[in-house]
Amino acid sequence: MNRFIGIVNLLLLSFYSICYSAPVYHVTDFGAKGDGMHIDSPAINAAIEKAASDGGGLVVLPAGIYLSYSIHLRSNVTLRWEKGAIVKAAPTTETAGYDEAEPNSSTYQDFGHSHWHNSLIWGENLHDVTLEGEGLIDGTDVLSRWGPGHNDKGLPPANKALAMKDCQRVTIKDLSFKECGHFALLLTGVDDLLIDGVTADTNRDAFDIDCCERVIIRNCRVNTLNDDAIVLKCSYALNREKPTAHVVIEDCEVSGYDVGSLLDGTKTTNATKAPDGDGPTGRIKLGTESNGGFRHITIRRCTFTHCRGLALETVDGAAMEHIDVSDLTMKDICNSPIYIRLGDRMRAPAGFHPSTVNNIRIHNVNVEDADSRYVCLIAGIEGHPVRHVTIENLKVQFRGGLTLDDVREQRGRNPFFIPEARKESEPGEANYPEPSAHGIQPAWGFSISHAEDITLRNIHLETLQHDEREAIYLHKTARIHQEQVTTINQ
């Protein structure tokens with residue numbers, strides 16, 4: 001992995017030297033006003049096209065507010081926001097708006113994951129593209145989560161800030177994103193990708209990295225009350241299997257503060273629930289769209305605050321293997337601090353291979369003030385266990401305070417019943433993998449079901465209030481190794 005990072009950094013340095021010696025094109029020279037009133041996307045697109053036709057170059061947005069519809073990226077072009085530059089999503093009118101969503105025959109993921117052109121900024125089949133600078137991409141009150149059809153005003157919607165498909169050598173650096181609809185970034189099939197120093201404060205998913213290989217995400221601050229902050233996926237949106245592999249996520253902060261309150265510095269916590277009825281989301285996750293495989297993923301030195309915990313999920317036929325997670329700090333966590341799920345939702349072509357989980361290592365994790373209802377949870381399904389997981393040097397402080405009656409009330413008369421995987425014939429949403437779907441567990445520390453060769457080493461679990469449940473519950477497991485496991489129940 002270190003060799004991979006060195007090669008990527010060398011390529012990026014070479015790319016920067018080429019870009020910065022290339023011609024410079026100011027969008028104001030092409031007619032952009034930057035006054036927040038005129039539609040500036042035609043001028044921005046003209047500058048980008050001129051740079052591309054000249055063999056590449058640097059397109060500069062000086063300080064100002066650039067009201068825009070769809071902006072089209074091109075190969076060998078760097079788009080730079082100077083300090084104070086804002087690209088603002090323009091409201092759709094009866095006569096002007098965003099590019100329409102392109103056709104896509106793949107239906108194994110939701111509409112938003114299957115289209116890229118219906119975005120504020122997009123690019124497809126490109127190489128050597130950079131977006132950088134101290135500016136802002138702002139979708140407030142315009143970008144939405146609307147899918148096919150029209151928005152509430154009867155007009156075609158744009159539901160992403162930045163979308164890219166089948167691209168190579170892409171850098172996104174130092175920009176900020178605000179209220180970006182379905183996704184701030186939807187990057188599908190984008191290889192050799194660097195996201196560095198980006199801040200996102202948005203109303204649904206922030207970074208969706210889908211079917212991408214050789215990726216570095218570092219030094220980012222991501223706030224998403226209503227959805228996931230940094231999420232890796234490997235969907236079937238490209239109409240083929242493609243893994244998400246060789247990814248490093250490092251030195252990032254994720255949170256579930258009120259929308260907009262990260263960017264304004266207040267970090268308020270007035271909202272208590274996301275749209276699914278659970279607490280604030282804002283986490284790092286693998287899944288749910290999971291066809292092509294997750295391989296060689298490293299997550300390290302990240303903080304989670306006022307949000308859900310780490311989620312590693314494969315439910316649509318992906319192999320999840322060689323995952324290394326280390327040096328995480330979590331505080332005020334509203335569901336499982338660690339959630340590892342192998343499921344059988346199987347949004348995939350008929351006869352698709354089953355999901356598998358092998359070789360996950362999670363180490364050096366400290367968690368304060370975690371909700372006890374969903375505990376640290378590892379769950380496979382009958383005949384397809386989670387295999388070879390090592391969790392070590394873990395300290396979790398749970399709130400505690402639950403009773404066996406809390407478990408009985410939701411499960412019936414047996415408080416130690418673990419629900420099996422949903423049947424494929426049940427509605428798809430019922431199969432959605434989320435810690436709350438498993439209900440309140442019969443343990444306050446760890447619950448492990450359908451799993452083999454799991455090692456818990458140097459684990460410290462404690463409650464702030466006494467909890468009637470046992471600390472660790474095992475259900476249909478084999479070879480569960482516990483070494484230096486300490487539990488303190490107040």
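**Entry 1, the chain.** I worked from a predicted model. I looked up the secondary structure first, and the chain has three helices and 30 strands. I then checked burial and noted that, of the 490 residues of the chain, 61% count as buried. For the contacts with a separation of 6 or more, I found that 74% are accounted for by residues 24 or more positions apart.

I located Asp210 in strand β15, which covers residues 205-210. Which side chain of opposite charge is nearest to Asp210? I found Lys233, but at 7.1 Å away, and I recorded Asp210 as buried without a salt bridge; the pair lies beyond the 4 Å cut-off for a salt bridge, so the distance accounts for Lys233 not being counted as a partner. I did find that the side chain of Asp210 reaches a backbone atom, the nitrogen of Cys234, at 3.3 Å. Leaving aside residues up to four places away in sequence, I listed His113, Leu187, Thr188, Gly189, Lys233, Cys234, Ser235 and Thr244 as the residues that Asp210 touches.

I searched the whole structure and noted two cavities of 30 Å³ or more. I followed up the second largest cavity, which holds about 30 Å³ of space, and wrote down its lining as Ile48, Leu73, Arg74, Val77, Leu79, Val129 and Thr130. Which elements give two or more residues to this lining? I found these to be β6 (77-81) and β9 (127-133).

Technical notes. Residues are numbered from 1 along each chain as its sequence is written. This is a predicted model: local features need pLDDT of at least 70, side-chain atom pairs count only at pLDDT 80 or more; totals for chains, interfaces and linings use all residues. Side-chain values use heavy atoms; hydrogens and water are left out. Helices (H or I, at least four residues) and strands (E, at least two) are DSSP runs, numbered from the N terminus. Buried means under 20% relative accessible area, exposed over 50%, partly exposed in between (1.4 Å probe, protein chains only). Lys and Arg count as positive and Asp and Glu as negative; His and the chain ends are not counted. A polar contact is a pair of N or O atoms within 3.5 Å; within protein, one must be able to donate a hydrogen and the other to accept it, and residues adjacent in sequence count only if both atoms are side-chain atoms. Contact means heavy atoms within 4.5 Å. On a 1 Å grid over the protein atoms alone, a cavity is a set of points where a 1.4 Å probe fits but cannot get out, and a pocket is an open set with protein on both sides within 12 Å along at least five of seven lines; lining residues have an atom within 4 Å of a point. Grid points are joined across faces, edges and corners, and a volume is the space filled by probe spheres set on the points.
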